[in-house]
Amino acid sequence: MANNSTIEWTEATWNPTTGCDRVSVGCDNCYALTLAKRLKAMGAEKYQNDGDPRTSGPGFGVTVHPQALSIPFSWRQPRLVSVNSMSDLFHARVPLDFVRQVFAVMAATPQHTYQVLTKRAARLQKVADQLDWPDNVWMGVSVENSEVLDRIDDLRHVPATVRFLSCEPLLGPLDDIDLDGIHWVIAGGESGSGHRPLDPDWVIHLRNACQEARVPFFFKQWGGRTPKAGGRTLEGLIWDEMPVRGLATA
Ligand code: SF4
């Protein structure tokens, strides 16, 4: 994927790998899986490798794209970059050597700020000390319900300047969340025809936990049939807080 992301909190996306496999309920309506199928049908070069039909799909087999490594060097203006919106960089089938090359590109382009998000927190934690962590890399894990709170424990061990949580789509209460060592929390509901409902109490509890722990909170949207269907106001306010430390490097 190239520029002009529609993701609200990024300015660009960069996919040095594509493809993935579903790992938890947060993946049930994976938009990337659906999009990959369409891109394959359209003949898009990066999406011709099929994944396991039980967990993945047409055009969504895990594939590394060395030719995509040079893309950030061509962006002159600083960008907030979402890394691998069409994949998971810490998928077991992405070789560690390639992950290292992605990190080397991020380190060599300090004008950009990179947001890397994974559901493979265990592998992230396992390989974190074999990677160099430049200040412009924000590392996040997805936390959709309380069954995956252990991803936060894995993230806490990662020496990134900004460690963040993406609680989107939020699918259940996160009553016992521990925000120690976390610098930013994003939350949001699901969108699309099969969207699952977002209980306002879950969001309010999470926002309160952030306030108590003095962690910036960003509420993206309630979700619905379209991302904007439900708006993004929570108790009459827009929550656009950002991690101050990370922005200073952007
Ligand atoms: S980890 Fe992300 S990209 Fe992979 S299947 Fe799940 S939602 Fe899709």
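This is a predicted model: local features need pLDDT of at least 70, side-chain atom pairs count only at pLDDT 80 or more; totals for chains, interfaces and linings use all residues.

Reply: Residues are numbered from 1 along each chain as its sequence is written.

Me: Why does tryptophan 184 count as buried?

Reply: A residue is buried if 20 or more other C-beta atoms, placed from the backbone, lie within 10 Å of its own, exposed if 12 or fewer, and partly exposed in between. Tryptophan 184 has 25 C-beta neighbours inside 10 Å, and therefore it counts as buried.

Me: Where does tryptophan 184 lie, and what does it touch beyond residues up to four places away in sequence?

Reply: Tryptophan 184 lies in strand β8, a strand being a DSSP run of E with at least two residues, numbered from the N terminus, just as a helix is a run of H or I with at least four. Taking contact to require C-beta atoms, placed from the backbone, within 7 Å, tryptophan 184 touches Val162, Phe164, Val215, Pro216, Met242 and Pro243.

Me: What makes strand β7 mostly covered?

Reply: Six of the six residues of β7 (residues 162–167) are buried. Val162, Phe164 and Ser166 are buried on one side, and Arg163, Leu165 and Cys167 on the other. In a regular strand the side chains alternate between the two faces of the sheet.

Me: How do you know that β7 pairs with β6 and with β8?

Reply: Two strands pair if DSSP finds at least two bridges between them. β6 (residues 137–142) and β7 have five bridges, in the parallel sense, and serine 142 has serine 166 in β7 as its bridge partner. β7 and β8 (residues 184–187) have four bridges, also parallel, with cysteine 167 opposite alanine 187 in β8.

Me: What is the order of the strands in the open sheet, and why do β1 and β9 stand at the edges?

Reply: Seven strands form the open sheet in the order β1-β4-β5-β6-β7-β8-β9, with parallel pairing. β1 (12–14) and β9 (217–219) each have a single partner strand, so one side of each is left without a neighbour in the sheet.

Me: Which residues surround the ligand, and how do they divide?

Reply: The ligand is surrounded by Cys20, Arg22, Val23, Cys27, Cys30, Ala32, Leu33, Ser87, Asp88 and Lys119, where near means a C-beta atom, placed from the backbone, within 6 Å. Ala, Val, Leu, Ile, Met, Phe, Trp, Tyr, Cys and Pro count as nonpolar, Asp, Glu, Lys and Arg as charged, and the others, Gly among them, as polar. The shell accordingly divides into six nonpolar, one polar and three charged residues.

Note on methods: Two residues are in contact if their C-beta atoms, placed from the backbone, lie within 7 Å.
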